Amino acid sequence: MNSRTNLPMTPVLTTRLPAVGTTVFTRMSMLAAQAGAVNLGQGFPDFGCERSLLAAVNDAMQADFNQYPMMSGAPVLRQAIVAKIAALYGHQYHVDSEITVTAGATQALTTAIFCCVHPGDEVIVIEPVYDSYVPAITLAGGMPVSVEMEVGPAGYTVPWAKVAAAVNGKTRLIIINTPHNPTSTVLRAADMQALADIVRGTDVLILSDEVYEHMVYDGHQHESVSRHAELAARAFVVSSFGKTYHVTGWKIGYVAAPAALMAEFRKVHQYNVFSVNTPMQHGIASYMADPKPYLELPAFYQRKRDLFRDGLNNTRFELLPADGTYFQCVRYDKISTQTEAEFAEWLTTEIKVAAIPVSAFYQQGKESGIVRFCFAKKDETLALALERLGKV
């Protein structure tokens, strides 16, 4: 019998992402499943999409839209995207040269970073920051430069003076996210003006993550970068059909950008995924003929937000503002002195409600005594979670 020392050896691989392990979303979802907890951690709905969307995709498959589409995306879907952006934000992108359909928003964000960030370039990220940005910057050879949001009784705000101070001759890109995950902050027109003032006269590009664009509440409008011509001229704008239509597992998104930027984006895109699921592209294009699903989405999620917030008002959690997305951040300092990760694990295993520690969205794990819940759930799911959280 051969001993293990005689078995073929696997060569040692030096990691390109030494700081990356299993994501907090995977860990907390696994813990929630093991504990039988209501999972308000990972950001996906526990309800289905409209059946007419499924029928539209099925019709596309039956019509034999099952082969490779164009690398940039099915023309009918790109045209629908152009029409939607023009109607909502007043900016006219060119259907052939300025829109690309992607395999989800994360692929769009990563490809945008890869196409413009070179070794030694600096990229400004605003913390807390969605977890895919910094690894993509690192893989591109760039240097992430963090600017922390400020948090007070009125919620989180971006300190634009600190963003401006972080810009220098090495700055290649500023990444923004509105509505913001995890803080639920929504950038306003004044924020966009501040950003425009910072980049004016520079070669700095903007990557705008707008996957929650249709989840802005209380009568406010989404300030897409596409709405602001000066910013749109230097920006990659990313959105997600998965978030908008309750089909996160489909992993279909898109990016809009000026033709010169899009030409570079597509150079990377074509060797990354090349193209995206064909029948789903045609099905979504057909479904987009009716704008009601995304126009009515703010009211749909605002009702769930208000239901969840009303229930939390009867607990010892302190609610932060939730102006957009489907997330609610809360302070727990009246309940526990544990770290955010410890408290989230305790909530999951003992109270049977999973949350995400906001510290996971900082490169250095900043502790603020805040965790994030997701309210993109059925009413009965939220009711059960609230019943359990009321006992904390």
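Predicted model: local features only at pLDDT ≥ 70, side-chain atom pairs only at ≥ 80, totals over all residues.
The expected span of a helix is 1.5 Å times one less than its number of residues. Helix α13 covers residues 297–312, 16 residues in total. From its first C-alpha to its last, α13 reaches 23 Å, close to the 22 Å expected at 1.5 Å a residue.

L297, Y301, K304, R305, F308, G311 and L312 are the buried residues of α13. Viewed down the axis of α13, these buried residues fall within an arc of 130°, so they line one face of the helix. On the face of α13 turned away from the buried side sit the exposed residues A299 and D310.

Attention now turns to the open spaces of the model. The largest pocket has a volume of about 730 Å³. Its lining is made up of 27 residues, and A19, V20, D131, A360 and Y362 are those that lie nearest the centre of this pocket. Three helices, α1 (24–35), α5 (133–139) and α14 (340–351), each supply at least two residues of the lining, and α1 gives the most, with four residues.

Two or more residues of the lining come from each of α1, α4 (105–116) and α9 (241–244), and α4 gives the most, with three residues. The lining of the second largest pocket consists of nine nonpolar, 12 polar and five charged residues. Domains 1 and 2 both give residues to this lining too, so the second largest pocket lies between them.

Within α5, T138 deserves a brief look. T138 lies in helix α5, and at 34% relative accessibility this residue counts as partly exposed. The C-alpha atoms of T138 and L17 are separated by 7.4 Å, although the two residues are 121 residues apart along the chain.

The largest cavity has a volume of about 90 Å³. It is lined by 13 residues, of which I126, I175, I176, N177 and H180 are the closest to its centre. Strand β7 (residues 171–177) provides the largest share of this lining, three residues. The lining of the largest cavity comprises 11 nonpolar residues, two polar and no charged.

The second largest cavity holds about 50 Å³ of space. Among the residues that line this cavity are K84, I85, Y89, E210, E213 and Y254. Helix α3 (75–89) and strand β9 (235–240) are the elements that give two or more residues to the lining. Five nonpolar, three polar and three charged residues make up the lining of the second largest cavity.

Technical notes
Residues numbered from 1 in each chain as written. Heavy atoms only, no water. 1 Å grid on protein atoms, 1.4 Å probe; cavity = no way out; pocket = protein on both sides within 12 Å on 5 of 7 lines; lining within 4 Å. Points joined across faces, edges and corners; volume = space filled by probe spheres on them. Nonpolar A, V, L, I, M, F, W, Y, C, P; charged D, E, K, R; others polar. Domains from an automatic or database assignment. Buried < 20%, exposed > 50% of the residue type's maximum accessible area, 1.4 Å probe, protein only. Arc of directions from axis to C-beta.
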